[in-house]
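Today I am opening my notebook on a new structure. Come along and look things up with me.

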Amino acid sequence: MDEKELNLAGGYEILNLSLDDFDFSQWTFESRFASAYIFWDRAGTIWQESVRLFPDITVITADPSKIVMRDGPIDFTVEAGRVAVQVYEESKLKDAPSIAGKFAKMISSKLELAEVTRIGIRTVYSKTFPTREAAAEALLKLNLLNIPDGKYLGAAGLPLNPEMSFRKEEGNNGFSIR
């Protein structure tokens, strides 16, 4: 999707968007597994090993349900049934899969995981508009929402917070726009 334009109007030339129109927000790796309650006993070991792997890491939150650690623009989260790595700086994307792999492998070892039930990667790009009205206008230009004219349920005027979402899939590939 780098160079190709995405026509969201199903063939009608209404509003073409390119990935260049959006700003990077975050990249997330997540792995889920059956609740590993040994997490409570291994929190200190997980912390020690995290410092060994990522020397500049610091603890943001440590409570019985979750540990969140941070190394610059990267967050590392461990829960009894989930591990996640979130990257908030686009310049770190190149190394993100390797970092997530190291962290997930270490957690899998420390929690003695026999299997994972889900692995996912999510990349979020966003477009910021100067006003809510400008955002609503851009969304409505897609002509994917049928907004009736006139007064309904005691309100008239332009919609300020229209929402929509769709997903396209082909085989193992897909994307969502919200």
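Which residues of H2 are buried? Before answering, I noted that this is a predicted model.

**Entry 1: helix H2.** I looked up the buried residues of H2 and found Ala96, Ile99, Ala100, Phe103, Ala104, Met106 and Ile107. Looking down the axis of H2, I saw these buried residues fall within an arc of 160 degrees, so they line one face of the helix. A reminder to myself: an α-helix has 3.6 residues a turn, so residues three or four places apart point the same way. Next I checked the length: H2 has 15 residues and spans 21 Å between its first and last C-alpha, close to the 21 Å expected.

**Entry 2: what H2 packs against.** The buried residues of H2 pack against E3, H1, E5, E6 and E7.

**Entry 3: the core.** I then turned to the largest nonpolar core, which has 27 residues. Ile46, Met69, Phe76, Val85, Phe103, Ile107 and Leu111 touch the most other members. At least two core residues come from each of E3, H1, E5, E6, E7 and H2. H2 gives the largest share, seven residues.

**Entry 4: helix H3.** My next stop was H3, residues 132-141, where Ala136, Ala138 and Leu139 are buried. They cover an arc of only 160 degrees around the axis, which puts them on the same side of H3.

**Entry 5: after the helices.** Just after H2, I found Glu112 with a positive phi of about 50 degrees. Following H3, Asn143 also has a positive phi, near 60 degrees.

Note on methods. Residues are numbered from 1 along each chain as its sequence is written. This is a predicted model: local features need pLDDT of at least 70, side-chain atom pairs count only at pLDDT 80 or more; totals for chains, interfaces and linings use all residues. Side-chain values use heavy atoms; hydrogens and water are left out. A nonpolar core is a set of buried Ala, Val, Leu, Ile, Met, Phe, Trp, Tyr and Cys residues joined through side-chain atoms within 4.5 Å. Buried means under 20% relative accessible area, exposed over 50%, partly exposed in between (1.4 Å probe, protein chains only). Helices (H or I, at least four residues) and strands (E, at least two) are DSSP runs, numbered from the N terminus. The expected span of a helix is 1.5 Å times one less than its number of residues. The arc is that of the directions from the helix axis to the C-beta atoms. Contact means heavy atoms within 4.5 Å.
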